[in-house]
Amino acid sequence: PTLSNQIAAGEVIERPASVVKELVENAIDAQATQIDIVVKDAGISLIKVTDNGNGIAADEVELAFQPHATSKISSNQDLFNVKTLGFRGEALASIAAVAKVNLTTSTNGSRGVLVQIAGGQQLNKQTVAATKGTSIEVKDLFYNTPARLKYIKTVNTELNRIIDIVNRLALAQPQIAFTLINEQRNLIRTSGNGNLQQTIAGIYGRKVAEQMVSFEQQTSDFRIFGFISLPQQTRASRNYISLLVNNRYIINYQLTKALLAGYGSKLMVGRYPLAVVHIKMAPLLVDVNVHPTKREVRLSKEAQLIDLITTTVAAKLQQLNL
Ligand code: ADP
Ligand code: MG
């Protein structure tokens, strides 16, 4: 790989969890209904993501690994109206630059193609029998970028980051069945039946999910819905708050504050609720071109949304007489 490829790779591929995120987002964009993730050594030696989505046509596989090649947007206009999770065309090229990648994909469920790439160099391409969808194995991450490898923390830390990412992706997509397996141990399993509360149960446990209460509210610009915990069901960190804009997990301090404001003085100092807040709005009102990881987004009419979240949560808790 060229140096610039490796530098660009660092922007989106910081650590194993970034690989998991990018591969799973691709599977989601490919309309998968089942996504299975297997990792070893917290993703350093292996990350394998298998989906039953649309697959990649045999003659487009090389293109998919080219930097800035995306099949998801075709004009500058589309950049302001992004409906997919990916659109920059950077992830596969970046991952293939810093790891050994085997990709098997099929658009029809009988014939497929297998490509092997290491350090950005294609080693092999052959026709294989394959089921519909795509399976990507990423091995020996950062094997050719020792500085990046050194920056990786303990196996525990990296595994927790992977679990956190998959949790959010699953909460964002209740209609997709997810599994996450590390060293033969099943860490996450969601049913994919579209039921948000059951998805929450698959992630935080049934008891936790059953104690949460649902909310829903609509204005001309937004529809918000989801589940929040009661003021006495709290955690010591904000990590159990998930904001999902058009099924994309985002980080937004103002919206998190708006949620907390809905609880007002009902929360003890240093305690945070569990919450899964889905926000639906026109893609034109969401600017995802803020950061390469697309975690931070710019929202038009943010003030109205802040107000909507606070008042909806406050009304819900009041309605329950809490
Ligand atoms: P982006 O997602 O921004 O388009 P990527 O580098 O992540 O860029 O992927 C490049 C292209 O490869 C995608 O646009 C898509 O056409 C194809 N692709 C990647 N992963 C999958 C997958 N799991 N299923 C189908 N197509 C895929
Ligand atoms: Mg992508």
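Student: Over how many bridges do strand β10 and strand β15 pair?

Tutor: The model is predicted: local features need pLDDT of at least 70, side-chain atom pairs count only at pLDDT 80 or more, and totals for chains, interfaces and linings use all residues. Residues are numbered from 1 along each chain as its sequence is written, while chains are lettered from A and ligands numbered from 1 in the order in which they are written. Helices (H or I, at least four residues) and strands (E, at least two) are DSSP runs numbered from the N terminus, and two strands pair if DSSP finds at least two bridges between them. Strand β10 (residues 223-228) and strand β15 (residues 275-280) pair in the antiparallel sense, over six bridges.

Student: Which strands stand at the edges of the sheet?

Tutor: The sheet is open, with five strands in the order β9-β10-β15-β12-β13 and mixed pairing. Each edge strand has a single partner, so one side of it is left without a neighbour in the sheet; the two are β9 (213-218) and β13 (248-250).

Student: At about what angle does α7 run to β10?

Tutor: Axes are lines fitted to C-alpha atoms, for helices over the stretch in contact, and angles run from 0 to 180 degrees between N-to-C directions. Helix α7 lies across β10 and β15. Helix α9 (residues 253-263) also packs on the sheet, touching β12 (241-245) and β15, and makes about 120° with β12. For α7 against β10, the angle is about 40°.

Student: Are α6 and α7 roughly parallel or roughly antiparallel to each other?

Tutor: The axes of α6 (residues 155-172) and α7 (residues 196-204) come within 9 Å and cross at roughly 170°. Asn167, Ala170 and Leu171 in α6 meet Thr199, Ile200 and Ile203 in α7 (contact: C-beta atoms, placed from the backbone, within 7 Å). Angles under 35 degrees count as roughly parallel and those over 145 as roughly antiparallel. The helices are therefore roughly antiparallel.

Student: Which element supplies the largest share of the side of domain 1 that touches domain 2?

Tutor: An automatic or database assignment divides the protein chain into domain 1 (3-189) and domain 2 (212-319). In the contact, 14 residues of domain 1 meet 12 residues of domain 2. On the domain 1 side, α1 (3-12) and α6 each supply at least two residues. The largest share, four residues, comes from α6.

Student: How many residues surround ligand 1?

Tutor: Here a residue counts if its C-beta atom, placed from the backbone, lies within 6 Å of the ligand. The closest are Asn26, Ala30, Ala64, Thr70 and Gly86. α2 (16-29) and α4 (91-97) each supply at least two residues of this shell. The number of residues around ligand 1 is 23.

Conventions: Angles under 35 degrees count as roughly parallel, over 145 as roughly antiparallel, 65 to 115 as roughly perpendicular and the rest as oblique. Two residues are in contact if their C-beta atoms, placed from the backbone, lie within 7 Å.
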